[in-house]
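Welcome, and please open your viewer. We will go from stop to stop, selecting a few residues each time and looking at what is there.

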Amino acid sequence: MKLLMWLVLGVLVILAIRKKAKPLSQDSMRSRNAETTSDASSFDMPATTAAPVETMVCCAHCQIYLPASEAVIREQQTYCSSAHADLH
């Protein structure tokens, strides 16, 4: 009897988690968009703010890509850190 009670409780917990994680339906997304934007042309597109695009550069030592603002530049080479720049 206890095993059946725990099994039912487990199923209820799983169903509750699935219901919370369920993505928004198309109707609720449309109504939310209509409330936030008054422009009819952006009816299907959610309102977003675009972040500025930054150039990515490759580290001359380890070949990973990183934003240019975070790169270390030495002797016309870009590095991901000063430690990698010191190796060359």
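The tour starts with the whole chain and then visits single residues.

**Before you start**

This is a predicted model, in which local features need pLDDT of at least 70 and side-chain atom pairs count only at pLDDT 80 or more, while totals for chains, interfaces and linings use all residues. Residues are numbered from 1 along each chain as its sequence is written, and side-chain values use heavy atoms, with hydrogens and water left out.

**The whole chain**

Show the protein chain as a cartoon: you will find three helices and four strands. Helices (H or I, at least four residues) and strands (E, at least two) are DSSP runs, numbered from the N terminus. Followed from the N terminus, the order of elements is α-α-β-β-β-β-α.

Of the 88 residues, 12% count as buried. Here buried means under 20% relative accessible area, exposed over 50%, and partly exposed in between (1.4 Å probe, protein chains only).

**Stop 1: the nonpolar patch**

Select Met-1, Leu-4, Leu-7, Val-8, Val-11, Leu-12 and Leu-15, which make a nonpolar surface patch of about 750 Å². Patches are made of residues with over 30% relative accessible area and no salt bridge; like charges are joined within 9 Å, and nonpolar side chains (Val, Leu, Ile, Met, Phe, Trp, Tyr) within 5 Å. Met-1 sits in the segment before α1 (2-21), and its relative accessibility of 84% makes Met-1 exposed.

**Stop 2: Ala-68**

Next, move to the loop between β2 (65-67) and β3, where Ala-68 lies. Ala-68 is partly exposed, at 33% relative accessible area. Which residues does Ala-68 touch, not counting those up to four places away in sequence? They are Glu-54, Thr-55 and Val-57, where contact means heavy atoms within 4.5 Å. Ala-68 and Glu-54 are 14 residues apart along the chain, yet 7.1 Å separates their C-alpha atoms.

**Stop 3: a salt bridge**

Select Asp-86 and Arg-74, whose side chains meet in a salt bridge (2.4 Å, N to O). Asp-86 belongs to helix α3 and Arg-74 to strand β3 (residues 72-74), so the pair ties together parts that are 12 residues apart in sequence. The count comes to one salt bridge under the rule of a side-chain nitrogen of Lys or Arg within 4 Å of a carboxyl oxygen of Asp or Glu. Asp-86 is exposed at 54% relative accessibility, while Arg-74 is partly exposed at 32%.

**Stop 4: His-84**

Stay in helix α3 (residues 82-87) and pick His-84. Is His-84 buried or exposed? His-84 counts as buried because its relative accessibility is 19%. Leaving out residues up to four places away in sequence, His-84 touches Cys-59, His-61, Cys-62 and Tyr-79.

**Stop 5: the cysteines**

Finally, colour the cysteines. The structure holds zero disulfides, a disulfide being a pair of cysteine sulfur atoms within 2.5 Å. For Cys-58, the closest cysteine sulfur is in Cys-59, 6.8 Å away and too far for a bond. Cys-80 is in no disulfide either, with the nearest cysteine sulfur, that of Cys-62, 3.7 Å away. Cys-58 is partly exposed, with a relative accessible area of 26%, and Cys-80 is partly exposed at 22%.

Note on methods
Areas by Shrake-Rupley, 256 points an atom, 1.4 Å probe, with all protein chains shown as cover.
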